[in-house]
Amino acid sequence: MRILAIDSSSMVATVAVTTDGVLNGEYTINHKKTHSQTLLPMIDEIRKTIELDMESIDAIAISGGPGSYTGLRIGSATAKGFGLALDKPIINVPTMDAMAYNMFSSQYIICPMMDARRGQVYTGIYRFDGTNMITIKEQCILLIDELIYELDKIGMPVMFLGDGVDTQKETIETKMSSEHYYAPASMNRNRASSVAALAEIYYKDGKYESAGAHKPEYLRLSQAERELKEKMAQSTH
C-alpha cells in the first residue's frame with residue numbers, strides 16, 4: 001500500500017510518501033511562501049529523491065480541512081489533479097484528526113488547534129485507548145473560551161498542539177484550570193506522515209472517494225463569501 005499524502009491546510013506545506021506503514025520521504029516547510037509556489041516542487045523533489053514511480057501509488061491522501069481557505073483549495077486541487085491523472089482514489093483525512101495523530105498513543109487528552117481568527121480556533125478533542133484514537137469531540141470551530149470550558153469539564157491533563165497555540169496561549173494560561181502541556185517542535189505542526197498513517201487505516205475501512213468527488217471541508221465560508229453575505233444582508237435592511 002503506497003500513499004502520497006499532502007497537507008496544505010495551514011501555513012505549513014507538507015508532503016510524504018509511505019509504503020506499507022514505512023515513511024519513504026517527507027518534506028515539510030513552514031515559511032511565508034504560498035502553497036501554490038511550494039507544493040508541486042516539493043512533490044517533484046520527493047519523487048526524484050526516492051526514485052518514485054507515480055504509477056505505483058495506490059491512493060492520494062489529503063488533509064481535507066478545516067483550515068486556510070486558500071491552502072485547502074490548493075491542496076485539494078493538487079490531490080484531485082494527481083488522482084485524476086493517475087486514476088487513483090482520494091483519502092480525505094480531517095485536518096484535526098491528522099494533527100491529533102501526531103501524538104500517537106499519548107496518555108493525554110489531545111487538543112489540536114488552528115487559528116481561525118476573531119478569538120476562534122479550528123479544533124477537536126481526542127484521546128488514545130492504547131493504539132486506537134478515539135474522537136471525544138469531532139473537529140469544529142469554537143471560541144477559545146468555549147474550548148477551555150469543554151476541556152475543563154473532562155478534567156484530565158491536556159496536550160495542545162497547532163498554530164492556534166501561538167495566538168491563544170495567554171488565554172489558556174489565564175483561564176484554564178486543568179493540567180496542560182504544549183507539544184514540542186517535532187509534533188506541534190501539520191505532518192503529512194500523520195495524514196498518510198491515518199489514511200492507511202481509512203483505506204482499509206473503505207473510507208475513500210473518487211478524485212472527481214473530493215471536496216475540502218471548510219467548516220465556514222471564505223472571507224470573501226462572508227463579506228458578500230454581510231453586504232447583501234445590509235442592503236436588504
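1. In helix α2, the buried residues are Gly71, Leu72, Ile74, Gly75, Ser76, Thr78, Ala79, Phe82, Gly83 and Leu86. Buried means under 20% relative accessible area, exposed over 50%, and partly exposed in between (1.4 Å probe, protein chains only). Helices (H or I, at least four residues) and strands (E, at least two) are DSSP runs, numbered from the N terminus.

2. This is a predicted model: local features need pLDDT of at least 70, side-chain atom pairs count only at pLDDT 80 or more, and totals for chains, interfaces and linings use all residues. Residues are numbered from 1 along each chain as its sequence is written, and side-chain values use heavy atoms, without hydrogens and water.

3. Helix α2 covers residues 69-86. Aspartate 87 follows α2 and has a positive phi, near 55 degrees.

4. Strands β2 (residues 12-19) and β3 (residues 22-30) pair in the antiparallel sense over eight bridges. Pairing needs at least two bridges found by DSSP. Alanine 16 stands opposite glutamate 26 in β3. Two residues separate the strands of this hairpin, and aspartate 20 in the turn has a positive phi of about 50 degrees.

5. Which residues do ring pairs link into a cluster? They are Tyr101, Phe104 and Phe128. Rings of Phe, Tyr and Trp (its six-membered ring) pair if their centres lie within 6.5 Å; planes under 30 degrees apart count as stacked, over 60 as edge-to-face and the rest as tilted.

6. Tyrosine 101 counts as buried, at 12% relative accessibility. The ring centres of tyrosine 101 and phenylalanine 128 are 5.9 Å apart and their planes lie at 45 degrees, so this pair is tilted.

Technical notes
Expected span 1.5 Å × (residues − 1).
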